[in-house]
Amino acid sequence: MSPRGGLAVVISARNESDRIGATVRAAGRIPGVDIVVVVDDGSVDGTGCEAALAGATVVRHARNRGKAAAMETGAETVLVVEAERAAAANAWTGPAAGTGPAHVTSRPRHLLFLDADLAETAAQAGPLAEPVLAGRADMTIAVFTTRVKRGGHGVVLGLSGAGIERATGWRPAEPLNGQRCLTRAAFEAAMPLAAGWGAETGLTIDLLRQGMRIVEVRVPLAHRATGRDMGSQVHRARQLAGVARALAARHPWRRAAVPR
């Protein structure tokens, strides 16, 4: 079991008031987690309020800025919370008798990104962090053991997987999975993230090209399946465009070796 304080959870959320509370509470039970940040990305419902009531630190985008921007805002907010806690600890400790001023510092927490609609299953995300905490991986990607019937036809998934394979020689099982744990150093190395829904595709390519280690981890997580209605089709179209832009910007013909 991981010690408390090694992990910060970042959740990007938009109009998820029905599930965000359960997701935040479950994320807080993951071993090693002592910070949960929710980025309310322009919601028009009570997402932010529900997240705050569940115990999360909430930061809000006044308008919808997309997945990548929410991830970046969340990671920045973790740094702010870490600094505030260190300052509070130093103020509480005060000068240590005979040793000069006491100064509390902490290593940056690893970042565990989770989707807002995982609800109670978010508590099962702990295995995603284990290879990172143990120093065996710079980033992990979740592979869901629970299959939810997809409303789409796998076009975006196939484009992302094939594009990553062309660029790096490796094809992840779930290239679009947003459940990922990575070191702060790995996250910073991938900045700026590919815009919008291209974030995960770009992140995978960028880290592999820098020689970083990526490990897939099977976890019993489950989220809401995307339907077949017009709103879902628009969502897929935006995903497709985001992934295509991320791949085009990364010159797929320049292959990088996957670290062993």
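This is a predicted model: local features need pLDDT of at least 70, side-chain atom pairs count only at pLDDT 80 or more; totals for chains, interfaces and linings use all residues.

Colleague: Which residues does arginine 250 touch, not counting residues up to four places away in sequence?

Modeller: Helices (H or I, at least four residues) and strands (E, at least two) are DSSP runs, numbered from the N terminus. Arginine 250 sits in the segment after helix H8 (230-248). Setting aside residues up to four places away in sequence, arginine 250 touches Ala194, Gly202, Ile205, Asp206 and Arg209.

Colleague: Is arginine 250 buried or exposed?

Modeller: Buried means under 20% relative accessible area, exposed over 50%, and partly exposed in between (1.4 Å probe, protein chains only). Arginine 250 has a relative accessibility of 12%, so this residue counts as buried.

Colleague: With which residue does arginine 250 form a salt bridge?

Modeller: A salt bridge here is a side-chain nitrogen of Lys or Arg within 4 Å of a carboxyl oxygen of Asp or Glu. The partner is in helix H7 (residues 199-209), so the pair ties together parts that are 44 residues apart in sequence. The closest N and O atoms are 2.9 Å apart, and the residue that pairs with arginine 250 is aspartate 206.

Colleague: How many salt bridges does a search of the whole structure find?

Modeller: Side chains of opposite charge can pair when their charged atoms come close. One example is arginine 109 with aspartate 34, whose closest N and O atoms are 2.8 Å apart. That pair links distant parts of the chain, with arginine 109 in the loop between strand E5 (100-101) and E6, and aspartate 34 in strand E2, 75 residues apart. Across the whole structure, the number of salt bridges found is 9.

Colleague: Which residues are linked with Asp34 and Arg109 in a network of salt bridges?

Modeller: Arginine 109 counts as buried because its relative accessibility is 9%, whereas aspartate 34, at 25%, counts as partly exposed. The network that includes Asp34 and Arg109 also holds Glu82 and Arg85.

Colleague: How many residues apart are glutamate 188 and arginine 184 in helix H6?

Modeller: Their side chains meet in a salt bridge at 3.3 Å, N to O. Glutamate 188 is partly exposed, with a relative accessible area of 41%, while arginine 184 counts as buried at 9% relative accessibility. About one helical turn separates the two in helix H6 (residues 184-189), because their spacing in residues is 4.

Colleague: Which residues touch the most other members of the largest nonpolar core?

Modeller: A nonpolar core is a set of buried Ala, Val, Leu, Ile, Met, Phe, Trp, Tyr and Cys residues joined through side-chain atoms within 4.5 Å. In soluble globular proteins, nonpolar side chains tend to be buried together. Among the 31 residues of the largest core here, those touching the most other members are Ile11, Val24 and Leu114.

Colleague: What relative accessibility does isoleucine 11 have?

Modeller: Isoleucine 11 lies in strand E1. Its contacts beyond four places in sequence include Ile20, Val24, Val36 and Leu114. Isoleucine 11 counts as buried because its relative accessibility is 0%.

Colleague: Which residues point the other way from His110, Leu112 and Leu114 in E6?

Modeller: In a regular strand the side chains alternate between the two faces of the sheet. E6 is mostly covered, with 6 of its 6 residues buried. His110, Leu112 and Leu114 point one way, and those pointing the other way are Leu111, Phe113 and Asp115.

Colleague: Which residue in E8 does leucine 112 stand opposite?

Modeller: Two strands pair if DSSP finds at least two bridges between them. E1 and E6 run parallel and are joined by 6 bridges, while E6 and E8 run antiparallel, joined by 3 bridges. In E8, the residue opposite leucine 112 is cysteine 181.

Colleague: Against which elements do the buried residues of H4 pack?

Modeller: The buried residues of H4 are Gly126, Leu128, Ala129, Pro131 and Val132. They pack against E1, E6, E7, strand E8 (180-182) and E9.

Methods: Residues are numbered from 1 along each chain as its sequence is written. Side-chain values use heavy atoms; hydrogens and water are left out. Contact means heavy atoms within 4.5 Å.
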